[in-house]
Amino acid sequence: MKKILFLLSLFVVTWPQAVVAQSVRQQLLSRLQQLQVRGYMFGHQDDPFYGLTWQWERGRSDVKEASGDYPAVMGFDLGGIEVGDEKNLDSVPFTRIREELLAHHRRGGIVTLSWHPRNPYTGGTAWDNQDTVVVQSILPGGLNHRKFLGWMKRVRNFLTTLKDEQGQPVPIIFRPWHENNGGWFWWGAKQCTLREYHALWCMLQDYLLSEGFDNLVWSYSPNLDGNCTQQQFLERYPGDDRVDLIGLDAYQWGTEEDYVRQLNADLQMLTTYAQEHGKLLALTECGLKNLPDPTWWTRVLKPQLDRYPLSYFLVWRNAKHEFFGPAPGEKNALYFNEMVRSSNVLMLKDIVK
Ligand code: BMA
């Protein structure tokens, strides 16, 4: 009897530790994998900060006011944190980003962070793409390496503050150095070599890992291409050991036909890769600016998304001059609501039950 009690007590003592031993990142990965079986989540950038007709009011959300529910995923951007700004590149105070990120986590939602850092060589924006020496200049041995270490430290300092009431780090899908196959950012394919891009990814990732962040699910998200082979995609891919989620940023800028063709080409290719390599897949950014076709959600987008094992799709922000999500009173909200009523499109309520 004593022996049994002893064994039992060992079990009780060790079992909770075995549960705790799973990192926050692994917990989020498991959750994402489980949710993906049920469908794909809807996400919206900057959802609680501003909409088509309002700004900065607390408790508001165009998506909630149009559909009755919050997006399952909310995206926020760190651009500007690196130089010590109080507000990000879209004028959102970082204190507010922290507040809303924690609030969304508390209500059971999932959060993702992107980063549009300034150009460390010129001091210009992320879109200052004239020079091909920027990445090289911030790598070890480069002229701006020390400066960039300081920039990464400011990111680290902000991430450190993202803790829940129990002091536990909040799980985050972290998506740095995105749209790297384009030529518009200073870390783009025209601006740095393969080797430099790879070193850039590793420098940031290794730094944050060495600082103990085990709450980040790492997302790699090139831009829609349509002619990209798996080999080309892999050229800048940092490696299976460095990426958890394969994303695609895919806006419709041109015709619907081109968009549908390109989206399917890329998603087919990425699905094969993701499945063979055990990775999650998402449309990390997408949208049709200002939704000139209100039926876009159900007629163009959803039929394509239904064909792939996506974790989520996130549309960009609703600002006055450009919007990508639904808003109350907008005609597209009717079609948006029809889309999210489908059982395989997941809003906040669907992922917390
Ligand atoms: C771009 C545009 C910009 C914005 C940037 C970062 O796609 O929406 O207006 O500053 O994203 O959010």
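Helices α10 and α11 are oblique to each other, because their axes meet at an angle of about 45°, and angles count as roughly parallel only under 35 degrees and as roughly perpendicular only from 65 to 115. The model is predicted. Helix α10 covers residues 296-305 and helix α11 residues 332-341, and their axes are 8 Å apart. On the α10 side the contact is made by Trp297, Thr298 and Lys302. On the α11 side it is made by Asn332, Tyr335, Phe336, Glu338 and Met339. By class, this contact holds four nonpolar, two polar and two charged residues.

Helix α10 also packs against helix α9, which spans residues 256-277. Here the angle is about 25° and the axes are 9 Å apart. Angles under 35 degrees count as roughly parallel, and α9 and α10 are therefore roughly parallel to each other. The crossing of α9 past α10 is right-handed. From α9, the residues in contact are Glu256, Tyr259, Val260, Leu263 and Asn264. They meet Trp296, Arg299, Val300, Leu301 and Gln304 of α10. Sorted by class, the contact of α9 with α10 has six nonpolar, two polar and two charged residues.

A further helix pair is formed by α6, residues 145-160, and α7, residues 194-210. The axes of α6 and α7 come within 11 Å and cross at roughly 50°, and the two helices are therefore oblique to each other. As with α9 and α10, the crossing of α6 past α7 is right-handed. Helix α6 contributes His145, Phe148, Met152, Lys153, Arg156 and Leu159 to the contact. Helix α7 contributes Met203, Leu204, Tyr207 and Leu208. Seven of the residues in the contact of α6 with α7 are nonpolar, one is polar and two are charged.

The remaining topic is the ligand. Around the ligand are Leu89, Asp90, His116, Trp127, Trp316, Arg317 and Glu322.

Terms used:
Residues are numbered from 1 along each chain as its sequence is written. This is a predicted model: local features need pLDDT of at least 70, side-chain atom pairs count only at pLDDT 80 or more; totals for chains, interfaces and linings use all residues. Side-chain values use heavy atoms; hydrogens and water are left out. Axes are lines fitted to C-alpha atoms, for helices over the stretch in contact, and angles run from 0 to 180 degrees between N-to-C directions. Helices (H or I, at least four residues) and strands (E, at least two) are DSSP runs, numbered from the N terminus. Angles under 35 degrees count as roughly parallel, over 145 as roughly antiparallel, 65 to 115 as roughly perpendicular and the rest as oblique. A crossing is left-handed if the near helix is turned anticlockwise from the far one by less than a right angle, and right-handed if clockwise. Contact means heavy atoms within 4.5 Å. Ala, Val, Leu, Ile, Met, Phe, Trp, Tyr, Cys and Pro count as nonpolar, Asp, Glu, Lys and Arg as charged, and the others, Gly among them, as polar. A residue is near a molecule or strand if one of its heavy atoms lies within 4 Å of it.
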